Amino acid sequence: MIIDIPEGQEPIGYVWGDMVPGIGMAAANFSLSVYAHTTLGLREFEAARLRIAQINGCRFCLDWRTDRDGEKVEEDFADAVLAWRTTGAFDERTRLAAEYAERYALDHHRLDEEFWARMTAAYSQVEIVELTMSLGSWLAFGRLNRVLGLDTVCVLPGH
């Protein structure tokens, strides 16, 4: 970790809350809202989230599994996300969520008409905006935690 944490302070709370409270608390609220207010299905949500985590390399994000009323994706889901192009474990929406996450993070300038035709055939405009905002949150905050070295000590509030 490259940030000095005072003795007795919880690292993620200190960095996000105490160091930059005006920014950190707003970021935390945005990050938590992605989970609290999503309308996306669990598998497509997790496919997109895990693909961003894989790209960011955030250790906490890679280990995290979203829990919806006791339901989580299967143990080998992350392996399927890595193989999103060829896995038989995904339906079209889940595959598109993983593809969108990868392209959003690595090659957003090449999101072409062919891609958007497939996305708009499978997702409503509201779902596309929600997924895009979720991707932005995961990309920014997972990368922030990884770059600052917080990903090995990250604990989300309430977990």
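Phe45, Ala48, Arg49, Ile52, Ile55 and Asn56 of helix 3 are in contact (heavy atoms within 4.5 Å) with Leu131, Ser134, Leu135, Trp138, Leu139, Gly142, Arg143 and Arg146 of helix 8. This is a predicted model, in which local features need pLDDT of at least 70 and side-chain atom pairs count only at pLDDT 80 or more, while totals for chains, interfaces and linings use all residues. Residues are numbered from 1 along each chain as its sequence is written, and side-chain values use heavy atoms, with hydrogens and water left out.

**Helix 3 against helix 8**
- The axes of helix 3 (residues 42-56) and helix 8 come within 9 Å and cross at roughly 30 degrees, the axes being lines fitted to C-alpha atoms over the stretch in contact, with angles from 0 to 180 degrees between N-to-C directions.
- Helix 3 is therefore roughly parallel to helix 8 (angles under 35 degrees count as roughly parallel, over 145 as roughly antiparallel, 65 to 115 as roughly perpendicular and the rest as oblique).
- By class, this contact of helix 3 with helix 8 has eight nonpolar, three polar and three charged residues, where Ala, Val, Leu, Ile, Met, Phe, Trp, Tyr, Cys and Pro count as nonpolar, Asp, Glu, Lys and Arg as charged, and the others, Gly among them, as polar.

**Helix 2 against helix 8**
- Helix 2 (residues 21-36) packs on helix 8 at an angle of about 130 degrees, with the axes 10 Å apart, and that makes helix 2 oblique to helix 8.
- On the helix 2 side the contact involves Ala27, Phe30, Ser31, Val34 and Tyr35, which meet Met133, Ser134, Ser137, Trp138 and Phe141 of helix 8.
- The contact of helix 2 with helix 8 has seven nonpolar, three polar and no charged residues.

**Helix 8 itself**
- Helix 8 (residues 125-148) has 24 residues and reaches 34 Å from its first C-alpha to its last, close to the 34 Å expected at 1.5 Å a residue (1.5 Å times one less than the number of residues).
- Glycine 149, whose phi is positive, near 80 degrees, follows helix 8.

**Helix 6 against helix 7**
- Helix 6 (residues 92-106) and helix 7 (residues 113-122) pack at an angle of about 135 degrees, with their axes 10 Å apart, and are therefore oblique to each other.
- Glu92, Arg93, Leu96, Glu99, Tyr100 and Arg103 of helix 6 make this contact with Phe115, Trp116, Arg118, Met119 and Ala122 of helix 7.
- The residues of the contact of helix 6 with helix 7 divide into six nonpolar, no polar and five charged.

Technical notes:
Helices (H or I, at least four residues) and strands (E, at least two) are DSSP runs, numbered from the N terminus.
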